[in-house]
Amino acid sequence: MNVTSFNEKNKQNIASTIDILFKNNIPEYLRKMLIARLIWAVTENSDEGVKMKYIGQPFWSANAIKLVHENLSNGLKWDFDLRHEHSVPKIEIINMIYNLKIKCFDAIYNILNTFAHAVVITKDEDNILNKNGLKSKMSYTICNNNEIENVFSRYIFCKINICKINNLDVRKISLDEIDDLIEKCLIFKGQ
């Protein structure tokens, strides 16, 4: 199964901007700084430019979905202990762009559309990634495809269950609906 993008227009805009950065004579330190910020915005913004750190993100860990319900039930801020993660770390995406033989819009957009996906996880799951040395690198060398096993390899390695929930607002569903959602839309089910 392939991973599909939810914010293609945003990714097109960012690819176009990165393309311009390579075609203009600007200091390399500025180019790197701007590209790093743009790579963050690839997963953070909708096609309309609306900031979507959590709500609106299509990929969530099962534990993150449950945590929202627990936070609301316990009177905590709903997004307490959540993390906005990149399925493929930003540094990996930046390196892919810099390693392109020909840096052009199409090649840059292909990288962004294939590998730049956000995943909402818990703080504890973020710690699991860190303990396994996978905070800013992949569990193995990734291929040039958007297959789930490739794009979500860090979570698979760490046995973190990832669900595709599209634009569902997890703050507004019941615990029974959460359990049903997790069963129906599991991308990866850890052992």
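The following questions and answers set values from this predicted model against the definitions behind them.

Author: In this predicted model, local features need pLDDT of at least 70 and side-chain atom pairs count only at pLDDT 80 or more, while totals for chains, interfaces and linings use all residues. Residues are numbered from 1 along each chain as its sequence is written, and side-chain values use heavy atoms, with hydrogens and water left out.

Reader: Why are helix 1 and helix 2 called roughly antiparallel?

Author: Helix 1 (residues 8-23) and helix 2 (residues 28-44) pack at about 175°, with axes 10 Å apart. Axes are lines fitted to C-alpha atoms, for helices over the stretch in contact, and angles run from 0 to 180 degrees between N-to-C directions. Angles under 35 degrees count as roughly parallel, over 145 as roughly antiparallel, 65 to 115 as roughly perpendicular and the rest as oblique. Helix 1 and helix 2 are therefore roughly antiparallel. The helices themselves are DSSP runs (H or I, at least four residues; strands are E, at least two), numbered from the N terminus.

Reader: What is the angle between helix 3 and helix 9?

Author: Helix 3 (residues 62-73) and helix 9 (residues 175-184) pack at about 175°, axes 10 Å apart. That makes helix 3 roughly antiparallel to helix 9. Ala62, Ile65, Lys66 and His69 in helix 3 meet Leu175, Ile178, Asp179, Leu181 and Ile182 in helix 9.

Reader: What makes a space a cavity or a pocket?

Author: The test uses a 1 Å grid over the protein atoms alone. In a cavity, a 1.4 Å probe fits but cannot get out; a pocket is an open set with protein on both sides within 12 Å along at least five of seven lines. Lining residues have an atom within 4 Å of a point. The count is one cavity of 30 Å³ or more. The largest cavity holds about 40 Å³, and its lining includes Phe6, Pro58 and His117. The largest pocket holds about 180 Å³.

Reader: Which residues lie nearest the centre of the largest pocket?

Author: They are Trp40, Glu85, His86, Lys90 and Lys135, among 13 lining residues. Strand 2 gives the largest share, four residues.

Reader: Why is the pair of Phe105 and Tyr109 called stacked?

Author: The structure holds five aromatic pairs. In this one the centres lie 5.8 Å apart, with 10° between the planes. Rings of Phe, Tyr and Trp (its six-membered ring) pair if their centres lie within 6.5 Å; planes under 30 degrees apart count as stacked, over 60 as edge-to-face and the rest as tilted. Phe105 and Tyr109 therefore count as a stacked pair.

Conventions. Grid points are joined across faces, edges and corners, and a volume is the space filled by probe spheres set on the points. Contact means heavy atoms within 4.5 Å.
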